[in-house]
Amino acid sequence: MEDRDIYRVFEQIKPTHAQEEAILDRLCSEERTRRPMKRMRKTIAVLVAAALLLMTCAFTIVTGLDQRLLDFLGGTPEEEPLLSRAAVPVEASATEQGITMEIKQVLADPYSVLFLLEFTAPEHVALDQDSCTFGTTYYNLINDAGESLTRTSYSYHWYPVDQENPTDNRLEMICLVTSSENTVVANAGEEHDYESLLTEQNITEMFFSVRAALSEPRQGAAEDDARWMTWQCSFPFSFQDTGWQVSVPAASLTLGGNEVHVTGIYLSPLTLNLQLQGIDRDMYDAVQHTSGGWLDQIVLRDREGTVVPFDQADSFPGADFLRGTATLTICLADIQDPAACQGGTLTICGQTISLGELAPVG
């Protein structure tokens with residue numbers, strides 16, 4: 001952040017000398033922090049908004065969403081209320097070979113889940129983003145009947161949180177798990193397993209598991225055992241869906257000369273999910289093999305006509321050709337207010353659908 005930007009803010013809010021020093025100290029500490037995270041955006045806007053919030057809140061930010069998640073998403077304090085209702089504080093931990101994993105907060109919609117985690121090693125063990133490799137990661141949801149609900153398709157990505165001291169024994173990470181489906185399989189025992197929509201379930205608990213390897217083997221352990229560790233824990237959890245949807249989309253597309261029905265449109269502040277019916281492998285692959293694939297063939301515009309940018313790296317298109325369906329889960333590059341897209345448009349493969357019927361879930 002340039003000096004002229006800071007003093008332009010001071011000219012507008014006219015702080016006292018003590019307040020000015022406190023704001024400068026806060027902003028300078030933000031600038032000194034390393035920011036390797038892929039999804040960090042709007043840095044100047046965030047810092048300026050933070051300064052204003054410091055003024056109005058007596059230097060204390062009170063938020064339902066952990067500031068580290070808000071920073072990761074490139075959000076401003078004004079955007080935080082869009083997500084705070086869906087943020088669940090967690091106090092769950094597991095220890096493996098002396099290293100403790102703590103889950104601090106979970107932010108979720110039916111298709112995307114963000115986990116904020118802290119790892120703490122013994123004093124003599126340094127933890128940083130280069131010393132750990134995160135492998136198999138999954139979560140199960142548990143309903144009020146005690147049934148474990150699993151998803152058949154998902155992807156996960158791990159991102160480091162900026163650290164003031166990257167050589168100490170603590171490591172903060174954010175894990176993003178994305179699913180292409182709202183469908184879950186309930187493990188009800190033996191022949192009683194069944195399939196349902198996640199939104200039809202009353203979720204009361206979540207189970208989380210991650211396997212990770214240290215780059216340096218731990219002392220006194222065989223090499224293979226020294227590298228790999230697994231943390232698992234369960235904790236109370238419930239969905240607070242902040243998404244909007246078009247309940248019965250009256251829309252169809254023409255792909256390869258065939259009619260494909262749009263059966264679901266869902267939009268949360270984090271995620272766009274589209275459900276297509278009547279699509280086969282040839283139709284799906286014909287789009288996927290174009291330059292940029294499916295994601296370059298989808299354009300979301302708000303009611304003002306502004307294009308909503310996507311985060312292609314974390315998005316997750318998929319298909320079930322036995323059922324003739326395709327499900328496209330697209331992570332948004334920035335936090336988006338779904339209300340701003342009511343009356344907007346959605347373009348798929350050059351064919352435009354109105355979002356005039358977009359409304360809050362439930």
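# Exercises on a predicted 362-residue model

Among contacts (heavy atoms within 4.5 Å) in the protein between residues at least 6 apart in sequence, 64% join residues at least 24 apart. The model is predicted: local features need pLDDT of at least 70, side-chain atom pairs count only at pLDDT 80 or more, and totals for chains, interfaces and linings use all residues. Residues are numbered from 1 along each chain as its sequence is written, and side-chain values use heavy atoms, with hydrogens and water left out.

## Exercise 1. Confidence and overall make-up

Task: state the average pLDDT, then describe the stretch 40-63 and the overall make-up.

Solution. 
- Step 1. pLDDT is the predictor's confidence in each residue, from 0 to 100. The protein averages 82, and 79% of the residues score at least 70.
- Step 2. Residues 1-5 have a pLDDT below 50; this stretch has seven contacts in the model beyond near neighbours in sequence.
- Step 3. Residues 40-63 stay under 50, and the model has 44 contacts for them beyond four places in sequence.
- Step 4. Count the secondary structure: seven helices and 21 strands. Helices (H or I, at least four residues) and strands (E, at least two) are DSSP runs, numbered from the N terminus.
- Step 5. Of the 362 residues, 49% are buried. Buried means under 20% relative accessible area, exposed over 50%, partly exposed in between (1.4 Å probe, protein chains only).
- Step 6. The protein exposes about 17,000 Å², and carbon and sulfur atoms supply 47% of that area. The areas come from the Shrake-Rupley method with a 1.4 Å probe; for residues, only the protein chains shown count as cover.

## Exercise 2. The nonpolar cores

Task: find which residues of the largest nonpolar core touch the most other members, and which strand gives the most to this core.

Solution. 
- Step 1. A nonpolar core is a set of buried Ala, Val, Leu, Ile, Met, Phe, Trp, Tyr and Cys residues joined through side-chain atoms within 4.5 Å.
- Step 2. The largest has 40 residues; Val 106, Phe 115, Phe 119, Phe 208, Phe 235 and Phe 237 touch the most other members.
- Step 3. Strands supplying at least two residues each include strand 1 (87-96), strand 2 (99-108), strand 3 (112-120) and strand 10 (203-214). Strand 10 gives the most, with six residues.
- Step 4. Phe 119 shows the packing. Not counting residues up to four places away in sequence, its contacts include Met 101, Phe 134, Trp 158, Leu 171 and Trp 231.
- Step 5. A second, separate core has 33 residues, among them Val 262, Leu 272, Trp 294 and Leu 328.

## Exercise 3. Helix 7

Task: which residues of helix 7 are buried, and what do they pack against?

Solution. 
- Step 1. Helix 7 covers residues 281-288; Met 283, Tyr 284 and Val 287 are buried there.
- Step 2. These residues cover an arc of only 95° around the axis, so they lie on the same side of helix 7. The arc is that of the directions from the helix axis to the C-beta atoms.
- Step 3. The buried residues pack against strand 13 (252-255), strand 14 (258-267), strand 17 and strand 18 (325-332).
- Step 4. Asp 280 caps the N-terminal end: a side-chain oxygen lies 3.2 Å from the backbone nitrogen of Asp 282.

## Exercise 4. Positive phi

Solution. 
- Step 1. Most residues other than glycine have a negative phi.
- Step 2. Gln 97 has a positive phi of about 50° and lies in the loop between strand 1 and strand 2.
- Step 3. Cys 349 also has a positive phi of about 50°. Its loop runs between strand 19 (345-348) and strand 20 (351-354).
- Step 4. Cys 349 is buried, with a relative accessible area of 19%.

Methods. Polar contact = N/O pair within 3.5 Å; in protein donor to acceptor, adjacent residues only side chain to side chain.
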